[in-house]
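Hi there,

Here is the structure I promised to hand over. Please have a look at it first, and my notes follow below.

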Amino acid sequence: LFLKSSIENLLAGLVIFIGSDYQENATCWIQINGTRRPARIAQMGMLSTTFYLYDLVEEDDGKTTISGGTLMKLPNSELKSLRIERPLDKLPFPPNLDKREK
């Protein structure tokens with residue numbers, strides 16, 4: 001039974017390394033228990049992946065700051081059950097896209 005779960009985690013780890021757009025130290029958003037939290041991929045191993053999950057607080061002046069966080073280490077076989085979003089790079093749009101032709 002232990003060997004079966006280790007093989008599943010190893011194969012899931014290979015899939016992550018080979019066909020993934022995620023790398024270590026990449027920032028992302030993770031949906032956990034219905035809550036969307038900012039995170040950073042701290043370590044990607046063959047059997048498990050470690051995330052730093054951040055807690056955000058909105059200040060009185062409207063700015064959002066990090067107030068703390070947690071460490072989450074998951075077997076790679078459980079990553080398929082997570083909703084992980086990666087923010088896209090900011091693109092400079094041409095100014096004429098915002099204006100409509102009249």
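Arginine 36 counts as partly exposed, at 42% relative accessibility; here buried stands for under 20% relative accessible area, exposed for over 50%, and partly exposed for what falls in between, with a 1.4 Å probe and protein chains only. Before going further, please bear in mind that this is a predicted model, in which local features need pLDDT of at least 70 and side-chain atom pairs count only at pLDDT 80 or more, while totals for chains, interfaces and linings use all residues. Residues are numbered from 1 along each chain as its sequence is written, and side-chain values use heavy atoms, with hydrogens and water left out.

Back to arginine 36, then. Its side chain meets that of glutamate 85 in a salt bridge, at 3.1 Å from N to O; the term needs a side-chain nitrogen of Lys or Arg within 4 Å of a carboxyl oxygen of Asp or Glu. This pair links distant parts of the chain, with arginine 36 in strand β2 and glutamate 85 in strand β5 (residues 83-85), 49 residues apart. Strands here are DSSP runs of E with at least two residues, helices are runs of H or I with at least four, and both are numbered from the N terminus. Glutamate 85 is partly exposed as well, its relative accessible area being 24%. A further salt bridge joins the side chains of glutamate 85 and arginine 83, at 3.2 Å from N to O.

How many salt bridges does the structure hold? There are 3. One of them connects arginine 37 and aspartate 55, whose closest N and O atoms are 2.7 Å apart. This pair also links distant parts of the chain, from arginine 37 in strand β2 to aspartate 55 in strand β3, 18 residues apart. Is arginine 37 buried or exposed? Arginine 37 counts as buried, because its relative accessibility is 18%. Aspartate 55, at 31%, counts as partly exposed.

Strand β3 (residues 48-58) is also the place of threonine 50. Threonine 50 is buried, with a relative accessible area of 9%. Neighbours within four places in sequence aside, threonine 50 is in contact (heavy atoms within 4.5 Å) with Arg40, Ile41, Ala42, Gln43, Leu71, Met72 and Lys73. Between the C-alpha atoms of threonine 50 and glutamate 24, which are 26 residues apart along the chain, the separation is 9.3 Å.

Now for the overall picture. The protein has 1 helix and 5 strands, and along the sequence they follow the pattern α-β-β-β-β-β. Of the 102 residues, 25% are buried. Among contacts with a separation of 6 or more, 44% come from residues 24 or more positions apart. The accessible surface is about 8,100 Å², and carbon and sulfur atoms hold 55% of that; the areas come from the Shrake-Rupley method with a 1.4 Å probe, and for residues only the protein chains shown count as cover.

On that surface, Leu3, Ile7, Leu10, Leu11, Leu14, Ile18, Met46 and Leu47 form a nonpolar patch with about 750 Å² of accessible area together. Patches take residues with over 30% relative accessible area and no salt bridge, joining like charges within 9 Å and nonpolar side chains (Val, Leu, Ile, Met, Phe, Trp, Tyr) within 5 Å. Leucine 3 lies in helix α1 (residues 2-19) and is exposed, with a relative accessible area of 61%.

Asparagine 25, in the loop between α1 and β1 (27-32), has a positive phi near 70° although the residue is not glycine. Asparagine 33, in the loop between β1 and β2 (35-44), likewise has a positive phi, near 50°. Asparagine 33 counts as exposed, at 79% relative accessibility.
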